[in-house]
Every structure is written in structure tokens, then in C-alpha cells.
Amino acid sequence: MSADTTRRIALLRHAKADWPEVSDHDRPLAERGRKDAPAVGLKLAETGIAFDLALCSTAARTRETWKLAVQEMPHRPKTTYEERLYDASLGELIALLNETSDEVADLLVIGHNPGMHALADALSGGAKNDTLARMTRTGFPTAALAVVSFTGSWKSLEHGVGTLVDFWTPKDH
């Protein structure tokens with residue numbers, strides 16, 4: 001794939017988590033989260049994107065979200081559990097994405113807020129239809145999904161290079 005390849009990155013915030021007496025990293029999904037995760041999996045399938053790679057935070061709630069979502073998808077991408085996604089800043093997220101191999105055209109990231117929202121906002125120099133207005137209005141609730149397209153290599157991914165082409169929340173279905 002060349003540097004002028006159009007790429008897509010889907011940013012998924014984990015589904016609603018519970019608050020039991022465990023470390024933040026070990027928090028499981030709440031009942032609502034276990035319902036919303038398959039719904040976002042159906043939305044991912046609906047996009048028609050055959051992701052080459054999924055990067056998933058090592059936190060329990062992100063792993064559980066991914067396990068439930070991927071069952072609804074026609075194609076299971078290679079999955080890497082990435083501890084650097086947990087509690088990552090915007091700069092750390094962009095640096096992590098800059099490491100992605102250019103063999104990957106379409107990437108799915110399952111992570112946390114405020115990082116997923118900040119990343120979707122930062123990458124989106126433009127937007128299709130009302131996607132950016134909706135994301136700004138609703139914020140980035142649990143199980144929200146943003147899809148950003150951009151042209152170039154992963155090393156060139158930076159603020160404003162992409163277009164927000166889709167934004168979905170569980171309330172949309």
C-alpha cells in the first residue's frame with residue numbers, strides 16, 4: 001500500500017462498565033454494557049469495513065466489549081491487546097497509531113475516554129453530514145463509535161488530517 005492509500009480508523013469506547021470493589025483496570029461491564037456491546041458489533045458489521053487489525057486496551061471492560069462486539073461481525077480482524085491504550089493521552093494515542101504498519105488499511109481501536117473522544121475530535125479536520133455536530137452535542141458516551149478516514153501513511157496521522165465519516169451511539173439504534 002502506498003502513501004496515498006485511503007485508510008479508515010474506527011474508534012470505539014468500551015461499553016458501560018460496573019463499579020464493583022476492584023481496581024479500575026479490572027472493572028467488568030454492567031448489564032447495559034453487555035447489551036450495548038453486541039449492538040455496536042452490529043454497527044461495525046454494517047459499516048462494511050473489513051478491519052485488518054483491532055487494537056484493544058488490556059482493561060477488563062474493553063476486552064469484554066470487544067469479545068461481545070466481534071461475535072456480530074462477519075470478519076474477525078487480528079487483535080492485539082495493547083496496554084498503552086489504557087489511560088492514554090491524546091499525544092500517546094497518536095504516537096501509538098503512528099506505529100501502525102502501512103500494510104493495515106483499516107484499523108479498529110477499542111479504548112477509553114477521554115482519549116477516544118479527544119482522538120476522534122483531533123483527527124477530524126472535516127466531517128460528513130452532521131457527524132461532527134452530533135459528536136459535539138452528545139459527547140462520546142459508552143459504546144460510542146467514530147469512523148475517521150484519511151489519506152496517507154500511519155506515520156503521517158496527525159491533527160486535522162481526517163474526515164469524520166460516521167458517528168454512532170447505542171441510543172441511535
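Residues are numbered from 1 along each chain as its sequence is written, and because the model is predicted, local features need pLDDT of at least 70 and side-chain atom pairs count only at pLDDT 80 or more, while totals for chains, interfaces and linings use all residues. Side-chain values rest on heavy atoms, with hydrogens and water left out.

Side chains of opposite charge can pair when their charged atoms come close. With a salt bridge taken as a side-chain nitrogen of Lys or Arg within 4 Å of a carboxyl oxygen of Asp or Glu, the count comes to 12 salt bridges. One of them joins the side chains of Arg-61 and Asp-24, with an N to O distance of 3.0 Å. This pair links distant parts of the chain, since Arg-61 lies in helix H2 (residues 60–70) and Asp-24 in the loop between strand S1 (6–13) and helix H1 (31–46), 37 residues apart; helices (H or I, at least four residues) and strands (E, at least two) are DSSP runs numbered from the N terminus. Relative accessible area, computed with a 1.4 Å probe on protein chains only, defines buried as under 20%, exposed as over 50% and partly exposed as in between. Arg-61, at 5%, is therefore buried, whereas Asp-24, at 32%, counts as partly exposed.

Arg-134 takes part in a salt bridge with Asp-130 (3.2 Å, N to O) and also in one with Asp-172, where the closest N and O atoms are 3.6 Å apart. The latter pair links distant parts of the chain, with Arg-134 in helix H5 (residues 131–138) and Asp-172 in the segment after strand S7 (162–168), 38 residues apart. Arg-134 has a relative accessibility of 18% and so counts as buried, while Asp-130 is partly exposed at 40% and Asp-172 is partly exposed at 43%. Elsewhere, salt bridges that share partners join Asp-24, Arg-27 and Arg-61 into one network.

Strand S4 (residues 106–111) is mostly covered, 6 of its 6 residues being buried. Asp-106, Leu-108 and Ile-110 point one way from S4, and Leu-107, Val-109 and Gly-111 point the other way, all of them buried. Two strands are taken to pair if DSSP finds at least two bridges between them. S1 and S4 run parallel and are joined by 6 bridges, with Arg-8 standing opposite Asp-106 in S4. Strand S2 (residues 53–57) also runs parallel to S4, the two being joined by 4 bridges, and the bridge partner of Cys-56 in S4 is Ile-110.
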